[in-house]
Amino acid sequence: MFTPLMASAAGYAATAYFYNLGRFKFDAEQRQDCIYQIQNMRLAQWGLFREDVRDVFSLSQSNMDNYILVGALIVTAVMNFIFVGYPAFPLEPRWLLLLWNNCVFACITFGLVSVWLALHGSIAQRSARVKILTQAVRPPVPTLKDIQEAMRAQENFEGGGARRYFEPPAFLVPMAEPSDEVPKPSGPTTAARTVPAQTYRRPRAKGKPKNAEATDWLGDAPFAGEEVLKHLETTDNGGPGKSAVMYSHFWMLRRVQRGYACFDAYARIALAVAAQQMLLVCAYYSLGHFMSKMDKWPTRAQNPGAAWLSLAATVFASTTLFKLDLFCGWRYRYLMMLNLMLPPLLAGLAIHLGAARTNHGKGGIRPCDQAIPAWLPWLLAIAACTGHMCWNILIQRVAAPLVDGSSGLPLSFRSTIYLDVFGWHSRHFSAAAVVNAVDGAHHWENAEKMLYDAMDKQRPDNKYVVLAHQDAKRISKNLARVTQPEVACHLTREEQDDLQHLKLTVEDYIHELESQMSLPVREDLKSGAPCWFQCTCVEGASEEVFWVDCRSAQVSWTVPEMGQIIDLVRLSQSLEELEQRHLALSPKAFQESAVAAESLPFELMPENPDVEMSSSKLPWKCIRLTCYAQLAAWIFTVLVILLDPKYYDSAIAPREMYDQVALWKVQTDWPHEYFRPSALSCDKNLKLMLGDQFAIYAADLKLIGTGAADSVEGVTGRNSSDDRVKFLRTVTLQPMMLTSELDQSWRSFAFLPKKGKLLLLNQDGTEVEEYALRGHHYVKTWTLSNSLPHKKLEAIQAVEGEESKECAKESSGFVNAGWLVYAATDSGQVVTLCPTYRNELHPLLMVISLRHRKAAKDLVEVVDSHTGTTKASSSRIIAIVRDPSTNWIWLLNTNTEGMAEVTAWDTETERNKEMGRWALPSGRWWVPGMCYLGQNQGLLIAAAADTNRVGQVGGPELWRLAPAKRKSDNHGAHPAHKAR
């Protein structure tokens with residue numbers, strides 16, 4: 001009986017044994033599959049992390065490759081302008097070439113800076129990507145030890161004892177109801193929805209200030225948080241995975257991006273500026289060739305409408321370019337648009353007005369007939385240069401990083417914000433998310449969750465131990481953050497030592513507490529030297545204080561009598577105060593330091609080996625220096641245009657250059673309305689003789705006063721009491737020699753009051769006829785000597801008295817006629833002529849000669865057209881006056897272009913020295929002859945309307961030239977405008 005029972009019991013025992021052995025094998029296989037699945041999930045997830053790295057770096061890599069290509073094309077195109085455009089670029093107005101030069105070289109400079117920044121950024125991001133993929137973001141390949149730990153051997157089953165062998169089946173033991181259903185996604189989804197819900201569209205902000213900047217928008221930028229993830233959940237796919245923000249590699253990439261994103265951003269800005277400058281190069285080139293070029297004008301190539309169309313296209317393209325790029329407040333937007341439009345438009349208007357002054361290249365209009373003053377195009381050109389300067393300053397302000405110490409990106413540009421995929425300035429992205437993200441991670445990645453699950457469920461105070469552990473871990477991380485070198489540099493040495501000691505102490509206590517939490521509960525466990533964490537918890541409406549022993553994991557609700565106590569609440573408050581203090585000194589310093597240790601090996605190298613400053617600001621400094629260089633070029637351009645008179649004047653359309661203080665009109669009563677002066681002369685007694693076309697008139701000149709304020713000339717302010725210039729009364733002309741008393745016309749005449757004679761130079765300039773003033777009859781004709789190189793005179797002046805004694809010397813061989821003639825030849829010489837017995841005027845001395853090569857331009861001037869063509873313009877002397885008080889010779893010079901000037905020469909110097917020039921008003925026919933009014937009283941000059949000009953109107957004019965000039969003081973001389 002016993003034997004069958006034993007056999008039966010043995011059979012049941014064997015059956016139970018093998019049944020439980022099968023269960024063990026099944027559980028071991030399931031456990032092994034689970035571990036291997038976790039390992040595969042980790043491999044897949046880290047593979048996804050590596051894909052994130054590639055996505056982040058490829059964002060800038062493709063951009064910078066495009067920048068290099070486009071920047072090289074822009075530089076090449078503009079450099080082509082240098083070789084092709086310069087030879088054919090017009091030279092008038094002169095300042096247009098300066099504007100074009102500045103735009104050309106600005107385009108080349110910014111284009112090269114863009115290419116070089118893109119090259120450096122590409123190198124930096126490729127290096128960082130390789131470093132991260134090879135050193136940091138690596139797949140967690142299981143080791144042999146990990147695989148062995150996943151295995152279970154027979155010994156593991158047998159070591160469980162008899163209880164393990166004969167464990168009854170689960171259906172015999174009460175247990176929770178099994179749930180074999182596939183988990184359904186949680187959230188506000190419905191069974192009928194199979195597509196993602198409509199994404200949440202953020203409403204447009206209302207009441208936002210008009211001066212809001214990019215950081216204001218980025219602070220509330222869209223964020224892929226839990227709300228967005230819930231809207232993406234469907235019954236088909238169960239919703240997306242966790243955002244990359246929830247993982248630590250995101251924060252490492254966020255910091256590493258600053259190493260190359262700045263190069264990408266500023267390469268894009270430099271490229272935009274280069275493109276805008278290239279548009280200006282094209283616009284100014286079109287203005288020069290279609291509006292200002294004058295060679296063989298007018299031709300089909302000159303088209304002002306096409307020039308304005310090109311300018312309008314440039315303004316539209318530039319404003320559109322920056323409207324797409326700019327992302328800033330309305331003030332900077334309007335200022336940028338204004339500075340993009342005004343300078344080229346002002347330059348176009350200046351060129352248009354300059355072309356109108358030259359009659360569109362048809363030889364120009366005389367200054368006296370100009371409706372547009374010369375200063376208007378000149379002033380508009382300066383305003384255009386000033387606008388370019390303002391735009392240069394504004395682009396520096398807009399391109400500056402808005403927030404120092406963060407990403408270093410210029411957030412006023414839309415293309416730069418596209419690089420801000422990590423939310424540098426979003427309030428949703430903060431370093432606190434690194435800590436908070438741990439709670440949202442998977443179970444197998446959360447060590448704290450694994451520890452809490454492994455705690456003995458029989459422990460009555462598990463809740464309070466976990467609370468103490470969580471507070472201690474949070475404080476430990478805060479201590480680790482504030483003791484990092486990037487933050488600790490703001491602390492004193494004593495504070496650094498105290499925080500480091502406190503950090504080590506807290507970490508030791510946490511380690512001891514975690515060891516006790518993983519062990520079974522032992523009521524009799526007592527620590528010899530307890531160390532306590534003092535914590536608080538809210539129970540209902542009251543706040544309770546409790547203490548947790550780190551060396552026994554026991555909770556006490558009364559104050560411990562022995563052991564060291566660390567007040568976690570007070571310590572947390574102290575750390576917050578410390579962070580707030582340093583946060584005020586350096587914003588975001590603590591947020592940056594939260595992940596600094598992870599990304600430090602992949603940071604950019606410093607600017608130089610001897611400095612600690614990161615090179616993330618190096619692109620901005622390059623852009624700023626380039627802007628400074630362009631600003632200096634524009635300042636230099638403004639100074640050149642402002643101070644150099646040739647940029648104010650134009651050879652094609654000169655301005656009125658005469659000194660309105662030294663030269664003014666004299667009130668004159670003309671004999672009749674058709675009077676047209678032809679020659680002028682006077683004697684020492686201020687007897688004025690002024691010839692018409694057919695008769696000669698005379699007037700007595702009267703100088704009164706020393707500068708009375710109530711006189712006509714005194715009111716005009718055209719005199720100086722220091723020079724004692726007297727007032728000249730109204731000149732009234734009376735007939736002296738009628739046309740019936742004269743045999744022929746004349747070119748110039750001279751007056752001999754003592755002899756009562758009048759010398760008339762005929763129109764050919766080869767003979768001088770002598771008339772008697774008393775009987776108004778012809779006396780004789782004086783011919784020119786054969787010794788005169790060119791037998792043609794332009795003007796004469798006769799002198800008597802002491803000045804004529806040169807002709808009375810015994811050795812001269814001349815007749816003592818009591819007079820001498822100063823004559824100007826057609827070859828640019830001033831000579832003295834003495835009368836001879838043969839009724840000839842023989843040369844005695846050459847007083848002034850303008851024939852030497854250094855002064856050749858006084859005889860023939862060259863007009864520089866816009867393409868280098870030349871036009872001859874002869875100059876001649878039409879009047880000579882000798883000043884007996886200074887022995888100066890005053891000459892009146894005119895040219896075929898209608899320009900005239902008075903020059904003064906000192907004949908007492910070894911080489912006749914030119915003492916000054918005074919330009920005369922343009923658009924007039926200045927008659928031969930001048931009248932000397934006495935010492936410091938100036939000269940009288942006559943002019944008539946220029947009938948050679950179409951549409952010229954105007955009557956006779958008498959002008960007085962009285963420069964503030966003495967023999968010992970020549971500072972009153974004004975440089976004359978040289979006729980071209």
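Student: Which residue in β2 is the bridge partner of Gln534?

Tutor: The partner of Gln534 is Trp547 in β2. Before going further, note that this is a predicted model: local features need pLDDT of at least 70, side-chain atom pairs count only at pLDDT 80 or more, and totals for chains, interfaces and linings use all residues. Residues are numbered from 1 along each chain as its sequence is written, while side-chain values use heavy atoms, with hydrogens and water left out.

Student: How are the strands around β1 paired, and what is the general idea?

Tutor: Strands of a sheet pair through backbone hydrogen bonds, either parallel or antiparallel. Strands here are DSSP runs of E with at least two residues, helices are runs of H or I with at least four, and both are numbered from the N terminus. Two strands pair if DSSP finds at least two bridges between them. Strand β1 (residues 531-539) runs parallel to strand β4 (residues 564-567), joined by four bridges, and Cys531 has Gln564 as its bridge partner in β4. With strand β2 (residues 542-549), β1 pairs in the antiparallel sense over eight bridges. β1 and β2 form a hairpin with two residues between them, and Gly540 in the turn has a positive phi of about 70°.

Student: In what order do the strands of the open sheet of eight stand?

Tutor: The order is β14-β15-β16-β17-β21-β20-β19-β18, and the pairing is mixed. The edges are β14 (748-752) and β18, each with a single partner strand, so one side of each has no neighbour in the sheet. From one strand to the next, the twist averages 30°. Within this region, strand β20 (residues 829-835) and strand β21 (residues 840-849) run antiparallel and are joined by seven bridges. Val830 stands opposite Ile848 in β21.

Student: Which residues other than glycine have a positive phi?

Tutor: Most residues other than glycine have a negative phi, and most peptide bonds are trans. Asn839 has a phi near 55° and is placed in the loop between β20 and β21. Leu686 has a phi near 60° and belongs to the loop between β7 (679-682) and β8. For accessibility, buried means under 20% relative accessible area, exposed over 50%, and partly exposed in between, with a 1.4 Å probe and protein chains only. Asn839 is partly exposed at 31%, whereas Leu686 is buried at 14%.

Student: How many salt bridges does a search of the whole structure find?

Tutor: Side chains of opposite charge can pair when their charged atoms come close. A salt bridge is a side-chain nitrogen of Lys or Arg within 4 Å of a carboxyl oxygen of Asp or Glu. The search finds 14 of them. One of them joins Arg493 and Asp497, at 3.8 Å from N to O. Both residues lie in helix α18 (residues 493-517), four residues apart, about one turn of the helix. Arg493 is exposed at 59%, and Asp497 is partly exposed at 40%.

Student: Which strands does the salt bridge between Arg876 and Glu794 involve?

Tutor: The side chains of Arg876 and Glu794 meet at 3.0 Å, N to O. Arg876 lies in strand β23 (residues 872-883) and Glu794 in strand β18 (residues 793-800), so the pair ties together parts that are 82 residues apart in sequence. Arg876 is partly exposed at 34%, but Glu794 is buried at 7%. Elsewhere, salt bridges that share partners join Lys665, Arg924 and Glu957 into one network.

Student: At what angle do the axes of α16 and α18 cross?

Tutor: Axes are lines fitted to C-alpha atoms, for helices over the stretch in contact, and angles run from 0 to 180 degrees between N-to-C directions. Helix α16 (residues 462-482) and α18 cross at roughly 150°, their axes coming within 9 Å. The two helices are therefore roughly antiparallel, a label for angles over 145 degrees, with under 35 as roughly parallel, 65 to 115 as roughly perpendicular and the rest as oblique.
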